[in-house]
Amino acid sequence: MNSISKTAADGKLAMRLNQAIEGEVLFDAFSRGRYSTDASFYQIMPQGIVIPKTDADLAAIVEIAREEGLTLLPRGGATSQSGQSVGDALVIDFAKYLRNVTHLDADARTCTVQPGIVLDELNAQIKQHGLWFPVDVSTASRATIGGMAGNNSCGTRSFRYGIMRDNVTAIDAILADGTQARFGEVPKRLDRLNAPSPALELMRDLLELGRKRKKHIGKAFPEVSRRVGGYLLDGLVADDAPVNLAKILIGSEGTLAISRAIDLKLSPLPRNKALGVCHFPTFRKAMEAARHIVELGPTAVELVDKNLIELARDIPMFRATVNRFVKGEPEALLFTEFAQDNQVENLRRLKQLDELMADLGHKNAVVEAIGAEFQKAIWEVRKSGLNIMMSMKSDGKPVSFIEDCAVPLEHLADYTERLTEVFERHGTRGTWYAHASVGCLHVRPVLNLKLEQDAATMRAIAEEAFETVREYKGAHSGEHGDGLVRSEFHEKMYGRKTVEIFEQVKDRFDPGARLNPGKIVRATKMNDRTLFRYQPDYHVSEIDTAFDWSQWSGAGNGFQGAVEMCNNNGACRKFDAGVMCPSYRITRNEKDVTRGRANTLRLAISGQLGKDALTSPQMRETMKHCVSCKACRRECPTGVDMAKMKIEVLHAHAARHGSSLHDRLVAWLPRYAPIASRLPWLVNMRNWVPGAAALAEGITGFTRKRPLPRWRFDAFREKGPFGSGKGVEIVLFADSFNRYFEPENIRAALRVLTAAGYRVHIAGGSGRPVCCGRTFLSAGLVDEAKSEARRFVAALKPHIEAGRPVIGLEPSCLFTLKDEFVSMLPGGDTQKLAANAVLLEEFLVNEKKARRLKLKLKPAKQPLLLHGHCHQKSFSAMAAVEAALKLIPDIQMESVQSSCCGMAGAYGYGADSYDMSMAMGEASLLPAVRAAAENTLLVADGFSCRHQIHDGTGRDALHVARILDRQLVTRPRNRE
């Protein structure tokens with residue numbers, strides 16, 4: 001079929017699907033590209049994507065696919081590392097809508113869920129009943145139960161709770177022919193089972209297969225708990241317990257049936273926990289110790305090696321935690337957790353652990369973590385193990401293909417030593433971590449899969465590794481499934497006869513091979529580069545970029561390498577207390593998450609989305625709801641900085657297509673602000689003249705649904721310096737937003753600083769005030785932003801050279817000095833400025849720590865509710881904000897656990913983004929503000945945040961500077 005006829009066929013199919021379902025149908029190239037990858041190194045463009053809303057949608061999709069002869073691929077969070085969720089098929093995305101708990105029996109400790117529910121969301125819902133689902137995979141914040149069942153996932157605490165096959169009791173599924181059936185425990189007489197005739201015949205054949213092949217099945221597989229490769233044929237064999245046919249679907253990777261509902265066995269939440277971090281001088285010593293430690297009855301024993309420790313130290317969000325639990329320079333750590341109901345018993349076992357370590361020759365080598373918060377922080381480092389490893393900025397990356405092997409504990413030390421020797425022979429190295437308690441360690445050799453040589457090396461290592469595993473009677477597929485990477489090795493590991501049984505099962509369920517073909521049976525070669533993300537013809541042409549990306553490699557001065565840092569781990573799909581990713585939390589669209597944007601960028605710059613894709617309307621739409629919160633800069637373990645990448649996209653778009661009036665009004669605000677502030681009665685008319693906002697919306701693109709910030713006639717125009725001539729000299733950056741719209745914040749900051757005895761200079765030179773260029777960056781006008789940056793650096797050069805602190809009030813402006821300035825104008829001056837630039841709160845807290853702060857404050861009389869700006873969170877400044885407020889005696893303060901407020905500079909003022917803006921605000925911030933008592937003072941440093949709070953609740957929030965100013969014992973007058 002030529003491209004024209006295929007496009008027409010796709011159009012007809014999309015139309016038919018759209019007419020048949022309530023959900024969404026995506027057949028455009030950009031959407032298909034976003035669904036072409038998972039967390040593996042493979043990429044296969046799907047035929048299209050359907051996102052069902054209801055069970056009826058799901059049934060209609062399967063029926064249409066049957067009639068059209070389409071293959072189907074069910075998909076959850078797409079965090080699979082083996083290529084299970086990519087294929088030339090119609091992808092069914094369960095994660096957006098089919099994600100509910102449909103039944104819960106807390107007394108029986110069971111529930112029924114739809115496949116798209118995320119593990120963390122499930123556990124959040126059942127926590128109030130004292131229950132949890134204990135298959136606690138490291139990707140719990142985005143892994144769906146459907147994907148976990150299809151993968152037979154395991155988790156950190158499988159040593160106690162087992163894996164998915166032990167915790168799923170039944171699955172309601174749709175077969176390839178559309179038959180709906182329930183797979184669970186079956187009675188001895190199948191005619192008593194209420195099931196459609198085709199399903200009864202299938203079940204009868206499966207049981208017969210189990211009876212006939214019982215002897216072979218009993219000897220076919222290694223006796224390790226971590227064995228998930230192939231189909232669970234032992235689930236067909238009746239021994240003492242009845243046969244449960246759900247087991248044959250668990251680990252089947254969507255190749256046998258499509259799940260509609262899954263019945264789960266729940267467990268009581270542990271009441272108490274204690275954690276011991278065991279330190280070892282050599283890696284082998286840790287491996288030898290594992291078999292002894294498990295005798296103490298822990299719930300988990302998890303390995304972290306030296307490489308991962310050092311990588312974690314380089315990631316800002318993990319550095320403080322790592323420095324707290326790592327003592328000295330160990331070669332390996334074993335995280336050992338005890339979770340008995342009685343904490344006294346846990347502490348007793350922790351003491352036994354210390355004694356055992358001493359007996360093994362490692363005295364005083366256990367760091368104890370008793371507090372829940374400390375334990376949680378440590379486990380976050382371990383849970384992010386893969387992503388920490390993937391933070392390497394070189395072309396070579398740790399590659400998943402043998403990371404899933406499991407061997408008996410008595411062979412663990414020898415196995416790891418031999419595999420390390422294999423790596424060395426092939427000129428590479430590996431980083432080890434994960435499940436020492438069950439002999440399943442994750443190790444990923446560092447390879448560059450853009451090179452044919454390294455792809456061949458990958459295969460050679462795999463063959464040697466699997467041979468070693470077989471020698472030790474281990475499993476080559478111990479947790480992450482088979483997919484494209486391990487399926488072809490089943491015959492080598494299990495033998496031809498076992499693979500023939502796998503094929504019989506597949507053919508009986510799916511005779512037309514329409515469900516996720518090429519996985520588990522009849523697989524392609526694992527090193528077929530035509531299926532790689534970086535195919536043999538992968539190429540990125542040179543790009544004209546605005547920022548310095550030189551710490552990465554590739555085109556665009558390293559921009560290519562920065563984009564390719566996204567490994568599709570999906571951490572940006574989380575819904576926990578962090579910020580990332582605000583837009584995805586509202587839409588749940590792959591387009592609106594960091595991963596989706598990064599994939600779109602990679603495909604665009606490599607020419608896979610057609611000519612000029614980078615500056616296309618579809619790319620602009622992809623970036624539209626990125627609010628530049630910078631959360632991914634900190635919370636993405638591989639450091640994908642989508643806010644900065646968005647600026648590059650806007651820069652390219654503006655260079656090719658120019659800027660809209662809306663963008664120009666936003667971008668050039670600092671240039672026309674001095675004039676506008678002299679005519680506030682005129683420029684504010686839009687807010688109060690009837691009909692003006694509606695008329696202006698069509699011209700300027702600013703929504704009529706909220707007022708614009710009010711220009712002030714009493715704008716801050718003072719020059720300074722302020723305070724005592726004998727005080728320590730500092731610089732205050734009076735940004736455009738506070739200067740022209742809320743000058744009282746600047747004046748409050750001046751009173752606080754001069755009351756503390758400092759001599760305060762106002763950042764600036766001759767002519768109009770200096771500016772950080774933030775508004776220009778938001779419109780992609782980087783050349784103008786660079787002009788502002790040069791002017792800023794020149795004006796402050798004497799202060800920069802003198803090493804004086806440059807203090808900011810508006811987080812987005814201050815952190816532009818520390819971030820984009822260095823990327824726009826790399827060099828000594830911007831580096832020095834970045835090092836000296838601090839928020840007001842950071843400066844005060846640093847002075848307090850140095851015992852130089854002389855600030856007298858009155859006790860507080862009202863409680864505070866604090867909302868942190870996204871950039872304060874991204875740059876780890878929230879602790880300083882809270883500490884600065886705690887300088888006030890008797891303070892009562894609570895911080896809102898929220899993502900982005902939704903205003904995000906000018907984003908919330910856009911006519912086409914207002915609704916999304918308010919939805920972000922309503923996710924957590926605005927309800928928290930409404931729930932606060934009337935006498936509670938609301939605190940927010942962000943100009944945008946304060947306006948969102950006011951527009952959404954009618955309440956006013958204050959900058960920290962004003963809170964401190966109100967509490968001054970003596971308030972000085974601002975004067976030169």
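This report describes aromatic pairs, charges over rings and salt bridges in a predicted model.

**Aromatic contacts**

A pair of aromatic rings is described by the distance of the centres and the angle of the planes. Across the whole structure, a search finds 29 aromatic pairs. One of these pairs joins Phe423 and Trp432; the ring centres are 6.3 Å apart and the planes stand at 35°, so the pair is tilted. Phe423 and Trp432 are both buried.

A second pair consists of Phe815 and Phe875, with ring centres 4.4 Å apart and planes at 10°, so this pair is stacked. Phe815 belongs to helix H38 (residues 811-818), while Phe875 lies in the loop between helix H42 (870-874) and helix H43 (878-885), so the pair ties together parts that are 60 residues apart in sequence. Both Phe815 and Phe875 are buried.

**Charges over rings**

**Salt bridges**

Side chains of opposite charge can pair when their charged atoms come close. The structure contains 70 salt bridges, and the table lists some of them.

| Salt bridge | N to O distance |
|---|---|
| Glu471 and Arg418 | 2.9 Å |
| Lys644 and Asp819 | 2.7 Å |
| Arg671 and Glu788 | 2.6 Å |

In the salt bridge of Glu471 with Arg418, Glu471 is in helix H18 (residues 452-471) and Arg418 in helix H17 (residues 412-425), so parts that are 53 residues apart in sequence are tied together. Glu471 is partly exposed, at a relative accessible area of 48%. Arg418 also counts as partly exposed, with 30% relative accessibility.

In the salt bridge between Lys644 and Asp819, Lys644 is part of helix H27 (residues 642-657) and Asp819 is in the loop between H38 and helix H39 (820-824), so the pair ties together parts that are 175 residues apart in sequence. Lys644 and Asp819 are both buried.

In the salt bridge of Arg671 with Glu788, distant parts of the chain are linked: Arg671 in helix H29 (residues 669-676) and Glu788 in helix H36 (residues 782-795), 117 residues apart. Arg671 counts as partly exposed at 23% relative accessibility, whereas Glu788 is buried, with a relative accessible area of 0%.

Finally, salt bridges that share partners join Lys630, Asp641, Lys644, Arg774, Asp819 and Glu820 into one network.

Key
Residues numbered from 1 in each chain as written. Predicted model: local features only at pLDDT ≥ 70, side-chain atom pairs only at ≥ 80, totals over all residues. Heavy atoms only, no water. Phe/Tyr/Trp six-rings, centres within 6.5 Å; stacked < 30°, edge-to-face > 60°. Buried < 20%, exposed > 50% of the residue type's maximum accessible area, 1.4 Å probe, protein only. Helix = DSSP H or I, 4+ residues; strand = E, 2+ residues; numbered from the N terminus. Salt bridge = Lys/Arg side-chain N within 4 Å of Asp/Glu carboxyl O.
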